[in-house]
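Trainee: I'd like to learn how to read sheets, cores and chain contacts from a model. Could you walk me through one?

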Amino acid sequence: MRVAANRETCVVSSLCVYRAPTVFAQDDMGQVLVVDEQPDVELHEVVRRAARGCPTKSIKVTEADGSTVASAFDFD
Amino acid sequence: MRVPEALRGLHTSSAVEVKLPSGDKALLVTRYRDVRSLFADHRLSRNIARPDAARISADNDLFTNPNIDPDPPKHTQVRSLVTRAFTARRIEGLRPVAQEITDELLDAMAAGPQPSELNEAFAFPLPIRVICKLLGIPPEDRSHFRVSVDGFLSVSKLPPDEVAKARGDLFRYLAELIEAKRRDPGDDLVSALIKVRDEDDHRLNDHELHFWVTGLLIAGYVTTASQIGTGTAVLLHHPELVKEIRADWSLVPSAVEELLRTQIMGSSVGTLRYAIEDIPLSDGLVIAKGTSVLLSEEAANMDPEVFDRPFEIDIRRTENHHMTFGAGLHYCVGAALARMELQVATETLLRRFPNLRLAVPGDQLPRALGGFMEGFTEVPVEW
């Protein structure tokens with residue numbers, strides 16, 4: 001799994017930092033930082049949940065098979 | 001106490017026409033998928049200071065301010081000046097402060113007579129103290145706010161002259177506060193915003209400074225206060241849920257989320273927006289350019305396409321991405337602060353009072369009417 005985040009669209013909800021504090025962090029402005037781009041397997045589910053829950057869909061998770069989790073409720 | 005039946009079946013159509021308290025008409029968007037994507041859609045403007053936009057209230061120009069540009073890119077720049085005060089690290093720095101205030105208030109409640117009115121004893125004092133601390137408002141000024149905030153948020157509860165008086169009082173108080181902080185800055189958010197205003201003229205003007213301080217005070221106070229009182233009432237009305245939490249305190253955060261999903265305190269009139277282009281919805285219906293639009297957080301949170309058994313309170317939901325704090329670039333700035341306070345309040349109340357219960361039947365609790373906030377006006381409890 002690979003994790004990336006879009007700092008341009010981040011609105012500082014802090015949800016990802018609370019869900020997966022070893023994977024996501026914030027700079028002084030609160031903007032998202034990915035501190036572990038390839039998290040261990042036991043973190044995968046919580047990282048997917050963070051991606052699904054991001055209010056601006058700013059987290060991109062690419063699975064080992066190449067599929068992506070942008071948002072569980074990504075209807076577009 | 002129950003989730004309103006009116007929310008059932010609303011999702012069969014992607015939007016319904018509604019009449020606002022002002023008598024003006026607007027389109028209410030009902031489905032999670034549309035609400036979530038429209039919160040982030042630039043074709044829907046948050047600027048409702050337009051001659052042909054619907055008004056929320058005939059007596060109160062709530063959320064309408066011709067001096068403020070609430071759309072990107074201007075809004076996004078100003079917002080980032082504020083969000084830096086709400087990072088997870090800063091919120092966690094405030095957790096011990098919230099805990100200390102909670103302990104003090106609950107000690108006083110325990111020493112007082114029974115039944116006690118929870119809003120008065122605890123739910124309202126906690127968030128006002130926390131937000132005043134964050135903004136740098138002196139403790140002796142706090143008592144001011146209950147009345148003026150009530151007037152500020154009246155939709156049909158108070159006559160226009162009382163609304164105008166409340167809004168004027170609050171405006172003057174905050175203008176004086178800003179002047180006082182300018183002369184004597186402290187380590188607080190108001191002082192930090194004044195610094196931005198005074199050192200870089202293009203980033204924040206006087207109107208915006210005043211607008212944000214007002215917004216932070218109002219949003220940081222009465223929303224969380226109403227949610228503490230009403231969320232606690234809902235829990236106490238369901239003793240089996242309280243028992244579950246007491247058996248496993250790690251359930252507090254997910255219980256708080258579920259109460260946020262099912263018991264929305266701020267009415268959806270706060271989401272009023274204006275379509276600057278035609279916008280198609282999920283079932284093919286088109287919002288016509290020039291339409292005033294409400295994004296129904298309540299209906300989205302009850303959408304069976306997204307939430308399994310939506311009308312059931314399930315404090316163990318893990319995928320609970322509700323719309324109570326909105327989505328997209330207007331996502332509630334204070335959401336993490338509210339969550340932290342709600343967690344501290346809920347856990348400490350239930351630990352401190354092992355026999356806490358409602359002193360009247362839950363379905364007899366009075367709801368607030370005619371205001372922007374819709375919580376229970378009184379929550380009498382005993383222990």
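Mentor: In chain B, three strands make an open sheet in the order β4-β10-β9, with antiparallel pairing. Strands here are DSSP E runs of at least two residues, helices are H or I runs of at least four, and both are numbered from the N terminus. Two strands count as paired if DSSP finds at least two bridges between them.

Trainee: Which strands stand at the edges?

Mentor: β4 (116–117) and β9 (357–358) of chain B do; each has a single partner strand, so one side of each lacks a neighbour in the sheet. β9(B) pairs with β10(B) (residues 380–382) over two bridges in the antiparallel sense, and Leu358(B) sits opposite Val381(B) there.

Trainee: What kind of model is this, and how is it numbered?

Mentor: This is a predicted model, where local features need pLDDT of at least 70 and side-chain atom pairs count only at pLDDT 80 or more, while totals for chains, interfaces and linings use all residues. Residues are numbered from 1 along each chain as its sequence is written, and chains are lettered from A and ligands numbered from 1 in the order in which they are written.

Trainee: What is the strand order in the five-stranded sheet?

Mentor: Strands of a sheet pair through backbone hydrogen bonds, either parallel or antiparallel. In chain B, the open sheet of five runs β1-β2-β8-β5-β3, and its pairing is mixed. Its edge strands are β1 (15–19) and β3 (44–45) of chain B, each pairing on one side only. Inside the sheet order, β2(B) (residues 25–29) and β8(B) (residues 292–295) are parallel and share three bridges. Leu27(B) has Val293(B) as its bridge partner in β8(B).

Trainee: What else does Val293(B) touch?

Mentor: Touching, or contact, means C-beta atoms, placed from the backbone, within 7 Å of each other. Apart from residues up to four places away in sequence, the contacts of Val293(B) are Ala26(B), Leu27(B), Val29(B), Leu44(B), Arg273(B), Ala275(B) and Ile287(B).

Trainee: And how do I read a core?

Mentor: In soluble globular proteins, nonpolar side chains tend to be buried together. A residue is buried with 20 or more other C-beta atoms within 10 Å of its own, exposed with 12 or fewer, and partly exposed in between, with C-beta atoms placed from the backbone. A nonpolar core is a set of buried Ala, Val, Leu, Ile, Met, Phe, Trp, Tyr and Cys residues joined through C-beta atoms within 7 Å. The largest one has 123 residues, and those touching the most other members are Cys16(A), Ala50(A), Val29(B), Leu126(B), Leu135(B), Val213(B) and Val293(B). Helix α9 (residues 206–237) of chain B gives this core its largest share, 13 residues.

Trainee: Is Tyr221(B) buried or exposed?

Mentor: Tyr221(B) belongs to helix α9 of chain B, and it is buried, with 23 other C-beta atoms within 10 Å. Beyond its neighbours within four places in sequence, Tyr221(B) contacts Pro127(B), Ile128(B), Ile131(B), Phe145(B) and Val149(B). Tyr221(B) and Val149(B) lie 72 residues apart in sequence, yet 9.0 Å apart in space from C-alpha to C-alpha.

Trainee: How many residues of α13(B) are buried?

Mentor: In α13(B), 13 of the 18 residues are buried, so the helix is largely enclosed by the rest of the structure.

Trainee: Where does chain B meet chain A?

Mentor: In contact are 24 residues of chain B and 19 residues of chain A. On the chain B side, α1 (32–39), α2 (74–83), α3 (88–111) and α13 each supply at least two residues. The largest share of that side, four residues, comes from α1(B).

Trainee: What about chain A itself?

Mentor: Chain A has two helices and five strands, in the pattern β-α-β-β-α-β-β along the sequence. Buried residues are 43% of its 76 residues.

Trainee: How do I read the faces of a strand?

Mentor: In a regular strand the side chains alternate between the two faces of the sheet. β1(A) (residues 2–5) has Val3(A) and Ala5(A) on a covered face, with Arg2(A) and Ala4(A) on an uncovered one. β1(A) runs antiparallel to β4(A) (residues 59–62), joined by four bridges, and Ala5(A) stands opposite Ile59(A). In β4(A), Ile59(A) and Val61(A) form the covered face, while Lys60(A) and Thr62(A) form the uncovered one.

Notes:
Two residues are in contact if their C-beta atoms, placed from the backbone, lie within 7 Å.
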